[in-house]
Amino acid sequence: MTLPVLQERPRIEEDPLDLMEEIDALKREKDATILAHFYVDGEIQDIADFTGDSLKLARDATRVTTSTIVFAGVHFMGESAKIMNPQKRVLIPDLLAGCSLADSCPPEQLAAFQQQLRAMGRDFHTVAYINTSAAVKSLVDWIVTSGNAQEIIGRVPKDKEILFVPDQHLGRYLMEVTGRKMILWPGACMVHEVFSIQDLIRIKRSHPGSVVMSHPECPQNILEISDVIGGTEKMRQHVMKLQTPTTFLVATEASMIHPLQKAAPQHTYIPVPGIMSASGETCACNRCPHMARNTLQKIRDCLRDGRPEIEWKDYFSKAREVLDRSLLQ
Ligand code: 13P
Ligand code: SF4
């Protein structure tokens, strides 16, 4: 999806505590509920009414009782909330908060590839990771998240092939754990692709007894040396179950440390650094630049101004059937 290029005005820093108070008052005045993904800044997670992984937030969106939802996450998450709640106003703090993974699968290219496969006589179901545009969701049979992928793959009839889009790494991992063969779309997340295997091995060596915990969007070389593989909610559940203080090396977006720390403060969490492919240097690219577009100021502004808003599109109805069947039933 091509997002509009907006001119950004330089922002004056405001006191976070004042902003939090303002947001609280505006929430009541505007009858709004704030949903925040685990990858946005901790201070935003702290003021949200619901926090979670993609699966929980999609489900939470259907339980909101206010007339407005503010989704602190990325564009496809706001779209999914709107699809599930056509009658509600869904605002996102920054329209430019996209997703490299969703962008790697444009709907026209997917439709053309599906057509090609059908012309070859292939009998398949298309399974899409939730990190896709609504236009892509309207072209597929199933939507999965990191939290329910295995269960949904189990629902695809055994006599069908599976076309999995857009994350090749998650798809490869799902082939391994489900035993189903898949045709993989060559997409990837810009954050999970850059973890440095050398740095991870080095940190693991210098922290004997540490546990490597990775998101299945990571490439195979990272997953191969991981002790725990799972989406963000699975990570949270895992650390909560463990009482003995443990050092976790976390290979996912760095803001995830915030909910982990809150849920299980007895442990130590070390974010695995990324590496720049051009220079080979270690970088702070384990922060998603799209998620980082969410700020307290922008949340206050969008509550106050009632925009940017996710507008309903015709193809949302088809996407809704798929989301409903995959995430709510
Ligand atoms: P989950 O929180 O569902 O694991 O998703 C991770 C992600 O990349 C969201 O953009
Ligand atoms: Fe997309 Fe990756 Fe950012 Fe998630 S972390 S929103 S998959 S670019």
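Guide: Helices are DSSP runs of H or I with at least four residues, strands are DSSP runs of E with at least two, and both are numbered from the N terminus. You are looking at a predicted model, in which local features need pLDDT of at least 70, side-chain atom pairs count only at pLDDT 80 or more, and totals for chains, interfaces and linings use all residues. Residues are numbered from 1 along each chain as its sequence is written, while chains are lettered from A and ligands numbered from 1 in the order in which they are written.

Visitor: Let's begin with one residue: is Leu 57 buried or exposed?

Guide: Leu 57 is found in helix 3. A residue is buried if 20 or more other C-beta atoms lie within 10 Å of its own, exposed if 12 or fewer, and partly exposed in between, with C-beta atoms placed from the backbone. Leu 57 has 25 other C-beta atoms within 10 Å, so this residue counts as buried.

Visitor: Which residues is Leu 57 in contact with, leaving aside its neighbours within four places in sequence?

Guide: Two residues are in contact if their C-beta atoms, placed from the backbone, lie within 7 Å. Leaving out neighbours within four places in sequence, the contacts of Leu 57 are Leu 35, His 37, Phe 50, Gly 52 and Met 77.

Visitor: At what angle do helix 3 and helix 4 pack?

Guide: Axes are lines fitted to C-alpha atoms, for helices over the stretch in contact, and angles run from 0 to 180 degrees between N-to-C directions. The axes of helix 3 (residues 54–61) and helix 4 (residues 75–84) are 9 Å apart, and the packing angle is about 35°.

Visitor: Which residues make that contact, and how do they divide by class?

Guide: Helix 3 brings Ser 54, Leu 57, Ala 58 and Ala 61, and helix 4 brings Met 77, Ser 80, Ala 81 and Met 84. For the classes, Ala, Val, Leu, Ile, Met, Phe, Trp, Tyr, Cys and Pro count as nonpolar, Asp, Glu, Lys and Arg as charged, and the others, Gly among them, as polar. By that scheme the contact of helix 3 with helix 4 holds 6 nonpolar, 2 polar and no charged residues.

Visitor: Which residues come nearest to ligand 1?

Guide: A residue is near a molecule or strand if its C-beta atom, placed from the backbone, lies within 6 Å of it. The shell around ligand 1 has 4 nonpolar, 7 polar and 2 charged residues. Of these 13 residues, the nearest are Asp 53, Ser 54, Ser 146, Gly 231 and Thr 232.

Visitor: And which come nearest to ligand 2?

Guide: Around ligand 2 the shell has 9 nonpolar, 3 polar and 1 charged residues. From its 13 residues, the nearest are Cys 99, Leu 101, Cys 189, Val 191 and Cys 288.

Visitor: How far apart do the C-alpha centres of domain 2 and domain 3 lie?

Guide: Domain bounds come from an automatic or database domain assignment. The assignment gives domain 1 (16–97 + 290–318), domain 2 (102–188) and domain 3 (192–283). Between domain 2 and domain 3, the distance of the C-alpha centres is 26 Å.

Visitor: How many residues does the contact take from each of domain 2 and domain 3?

Guide: This is a count of residues on the two sides of the contact between those domains. Domain 2 gives 9 residues, and domain 3 gives 13 residues.

Visitor: Where is Pro 166 found?

Guide: Pro 166 is joined to Val 165 by a cis peptide bond, with omega about -10°. Its place is the loop between strand 7 and helix 9.

Visitor: Which residue, with a positive phi, follows helix 9?

Guide: Helix 9 (residues 168–178) has among its buried residues Gln 168, His 169 and Tyr 173. After this helix, the phi is positive, near 75°, at Gly 179.

Visitor: Last one: is Asp 31 buried or exposed?

Guide: Asp 31 lies in the loop between helix 1 (16–30) and strand 1. Although not a glycine, Asp 31 has a positive phi of about 55°. Because Asp 31 has 11 C-beta neighbours inside 10 Å, this residue counts as exposed.
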